[in-house]
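Please look over the sequence and the structure shown below, and keep both at hand while reading. The report that follows goes through selected features one at a time.

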Amino acid sequence: MDVILYSFLGTIFGLMIGIIPSVGSTKALILLFSIVGFFDGMQYEFLAFSLAVAISCSIGDSFAGVYIGVPGSNGAAATMVDGFPLTKKGKSSYAISLAVTTSGLQGLIWIIPFIIVIPIYLDFVKYLKVPEIWCIIVFSFLSISLLTGPSIIKSIIAVLTGIGLGSIGSDVLSNPRFTFGHPDYFYDGLQIVIISGGLFCIPEMMKLYKSNINYMTENTNFNQIRQGVIDAIRLWRQSFLGGAIGFFYGLLPGYGGNSAEWISYSIGSKLKRKFNTPFGKGAPEGIVAPEGVSNASKAGALIPTILLGIPGATWAMVIIGLWEFIGFSIGDVELFNDDKFINTIIISYILSIVLTVIISLLLAKQLTTLLKINKNIIIITILMFTWWAVISTNFYNFIIEDTLALIVFSILGFACKLYKISRPAILLGFILSSKVEAYTYQLIDLYTLEQILTRPIVLAVMMLASIMVYNRNKFKVDYV
Amino acid sequence: MFKKFIILTVTLGFIFIPALVFAETMWAIIPSQPKKSGMVKWAWTWGKYMNKNIHEGSKITKIDFKYVPGNRGKTGLKQFEREFKTDNSNMIVSTGGAATATLLEDVGGYDFRKYTPIVIHPGNMFVPVHKSYNPNTDKNLQAINGNGGSEPEHFASGLMVCPYTNDINKFLTCFKEKITIVRGVSSKERHVMFLNGELTVGRISANGWLSNKLYKKHKNKIRIWFHHCQMNFKTGQWGDDPQKEFQGKCFDDIFEKTHGFKPAGKVYDAYVLTRLWRDGLQKTFFVNKNNENINDLIKIAESTMQDKSFEKERFKKLGKYPVYIGKDAELVIQQIYKALTKESLTIAVRFVNEGLGYKVSVKEELFK
């Protein structure tokens, strides 16, 4: 019952945050660090709440794109291309209905593989030994280096920067390392909220500050909503294609579905059409194809995130931090002893999608009033909450140190945005830094080169990596 | 409307703020984040039932938690010693890891002799091996997860394969030859690596052994090699684990069966020192000496021990280990310091530095 209640609350919160331009699920989850302390002893409730926030936020993203032509996040930008022209034509209810129905349907379809994989994972885990996990981690670095950002060199620099940041604290034998004479603060390593808050929240607020918002009044039209639902089903080809692309990109460790919406948009535009409206002028197919990606990519990202503790997307990097903070050891097989954990994930995921779709369809008018809030108020509020999130994770024991670190990483975030250096790559490097170091030592201590190179899963991952290197331009999308 | 809101807020403030100020909340300081670690689970379980057993007339109205993470728990210990201990509303949650850190590392003057123990709840750790493992021929592969607190298991399995109980030089040479310490294994990974056969030796609590699904699945392939013997702190005598399922596997007995002589000597004493500190102070509540809430806390803890529902949950989650409260708990402190000699500590420090590879030092202040 509590899971249902907190999924509902998370859905409302996520939708409201998601609607705000430039604030996607990553930023919404970062803000949750400020309230995670209130969930002391309520881990499962928080699990449901935070997952619902991530899911509903990505559906909420579409609102800003459709109504004001400023996407909630990078991913929703593709929806905006055809969504905003429909709003200008007075068909906003139709556009939003098409978007949320597609996103919801594909989200529900693509969670099925996750549900199938979970019960058999404990049998499969015996094949995942140190060499296999090491290879998967290295593969995730490769995938994020090759697929994000305009330059591979810059992405590699980003990954290495992240690894460097992750090495602050202690070495594998627990000896202090890079503690800068202040082990009480640095020994346990930097908090993920400081790095993610600095890299993502603050620079995005600058983007919002510079954006020009022209609000268009919403008058809920139930005929348009009904037609949107019908067309979302009729356009199943584009929708399913979006779902498949989203799920695939979500599965790629570290990459997630960021901007895969554009790939779906591009391929979807080549499929057989049911409407004649040109793309970019309000084509329903142009909304359905990218929206199919949205939640399907989240379902895909849940698999590496929960099974291996290797985040499947940028939002998953933050949610791992949150879940570990509240006490779940993500990637630990012992977690699979905990039926309540798995059930909460599945229930919360499904429930938040269903609730978000229903709320979005019925209360679109009320929700869009959030877009009228002065952007300066939004910016100040988010900055305050980000700062609060940062200082609260250390239980207010290191307010000065945490604040200084946030400033440093905000500057880094601005620099990355300016020079188009992949911020997700930095975050991934940071998160996997200790793992890659530990597994490298374990590999050296336990295996010979010959033993490593004769393992089937290792060979399969290496082959997959080679295919990715060879075809990198086909998969590549920009997200910095 | 706005005016009404302000009036309401101020009125509520007048009612609640004094209530908050005068309520005697006892803060249990947990030197970590609120993760579901053994320490946090233990503190939450005790806290939950202690709150139910607060007696009439007690100054304490509630027991709540404060988290002070950092420096692998040492920040919390240091801050308690430096700042929190003088506040009557604070008590520290201390664990086996904190005890080992107090023995071997700098914890800013944190010292059990300066505080009054309210509850001491000892525990035990079990060392499982694969059934196929032959200590004479197979390399012993052990994990080191860098979290500290696992020194007694490394020490003991080292002694099992290198029975030089009185010669640290021979012991260390043999240890390095027969045992591979696999670096960088986290506490969560070590279970999978052990069950996958990548590690020969495991490390698990009683509760984990009995309830972990993965371990249950592999029960036909693994067995308990030994566990640490447990001290009765009232008598100072060593004995077996109190739980029937694990009896007959105490280190000293298994060692004698394996090597034909009782373990004794300087290296053995150093091992005993680490196991006594780690297991004896496995989970504890301490307050500063002269804290005005000592009597209330002891009374609450004693009532909690009489609570049948607590007993059920305690046995299930924390094992059937005895609990020492008040004066009995002070006996635990006396015993652990009695075992502390400069020679034993020096050998333990050498073992950790050279055998396990992380830097610790002999703390002179422990002998003052």
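## A lysine and its partner

B:Lys342 has a relative accessibility of 41%, so this residue counts as partly exposed. The model in which this residue sits is a predicted one, and every value in this report is to be read with that in mind. The side chain of B:Lys342 meets that of B:Glu364 in a salt bridge, with 2.7 Å from N to O. B:Glu364 is likewise described as partly exposed, because its relative accessible area is 43%, and the limits for that class are 20% and 50%.

Over all chains, the structure holds 25 salt bridges. One of them is formed by B:Asp328 and B:Lys234, whose closest N and O atoms are 3.5 Å apart. This pair links distant parts of the chain, since B:Asp328 is in helix α14 (residues 327–338) of chain B, while B:Lys234 is in the loop between β9 (230–232) and β10 (237–239) of chain B, and the two are 94 residues apart. B:Asp328 is partly exposed, with a relative accessible area of 27%, whereas B:Lys234 counts as exposed because its relative accessibility is 53%.

A further salt bridge joins B:Lys262 to B:Glu256, and here the closest N and O atoms are 3.3 Å apart. Is B:Lys262 buried or exposed? With a relative accessibility of 60%, B:Lys262 counts as exposed, while B:Glu256, at 29% relative accessible area, is partly exposed.

## A buried threonine

B:Thr165 is found in the loop between α5 (151–161) and α6 (168–178) of chain B. Its relative accessibility is 6%, and B:Thr165 therefore counts as buried, the limit for that class being under 20%.

Which residues does B:Thr165 touch, if those up to four places away in sequence are not counted? The residues in contact with B:Thr165 are B:Leu159, B:Phe255, B:Phe261, B:Pro263, B:Ala264, B:Gly265, B:Lys266, B:Val267 and B:Tyr268.

## The sheet of chain B

Strands of a sheet pair through backbone hydrogen bonds, and they may do so in a parallel or an antiparallel way. In chain B, six strands form an open sheet with mixed pairing, and their order is β2-β1-β3-β11-β4-β12. The edge strands of this sheet are β2 and β12 (324–325) of chain B, each of which pairs on one side only.

Strand β1 of chain B, residues 25–30, is largely enclosed by the rest of the structure, because five of its six residues are buried. With β2(B), strand β1(B) pairs in the parallel sense over six bridges, and within this pairing B:Thr25 has B:Lys62 of β2(B) as its bridge partner. The pairing of β1(B) with strand β3 of chain B (residues 90–95) is also in the parallel sense, over three bridges. In β3(B), B:Met91 is the bridge partner of B:Ala28, and B:Ile92 is that of B:Ile29.

## Where chain B meets chain A

The contact between the two chains takes 39 residues from chain B and 48 residues from chain A. Together, chain B and chain A bury about 3800 Å² between them, and 48% of this area is on carbon and sulfur atoms. Three salt bridges are found across the interface of the two chains; A:Asp445 forms a salt bridge with B:Arg183, their closest N and O atoms being 2.8 Å apart. Between chain B and chain A there are also 14 residue pairs in polar contact.

On the side of chain B that touches chain A, the elements giving two or more residues are β2 (62–67), α3 (74–82), β7 (179–182), α7 (187–195) and α9 (213–217) of chain B. The largest share, five residues, comes from α7(B). Sorted by class, this side of chain B has 16 nonpolar, 12 polar and 11 charged residues.

Conventions: Residues numbered from 1 in each chain as written. Chains lettered and ligands numbered in written order. Predicted model: local features only at pLDDT ≥ 70, side-chain atom pairs only at ≥ 80, totals over all residues. Heavy atoms only, no water. Contact = heavy atoms within 4.5 Å. Buried area = accessible area lost by both parts, 1.4 Å probe. Salt bridge = Lys/Arg side-chain N within 4 Å of Asp/Glu carboxyl O. Polar contact = N/O pair within 3.5 Å; in protein donor to acceptor, adjacent residues only side chain to side chain. Helix = DSSP H or I, 4+ residues; strand = E, 2+ residues; numbered from the N terminus. Nonpolar A, V, L, I, M, F, W, Y, C, P; charged D, E, K, R; others polar. Buried < 20%, exposed > 50% of the residue type's maximum accessible area, 1.4 Å probe, protein only. Pairing = 2+ DSSP bridges.
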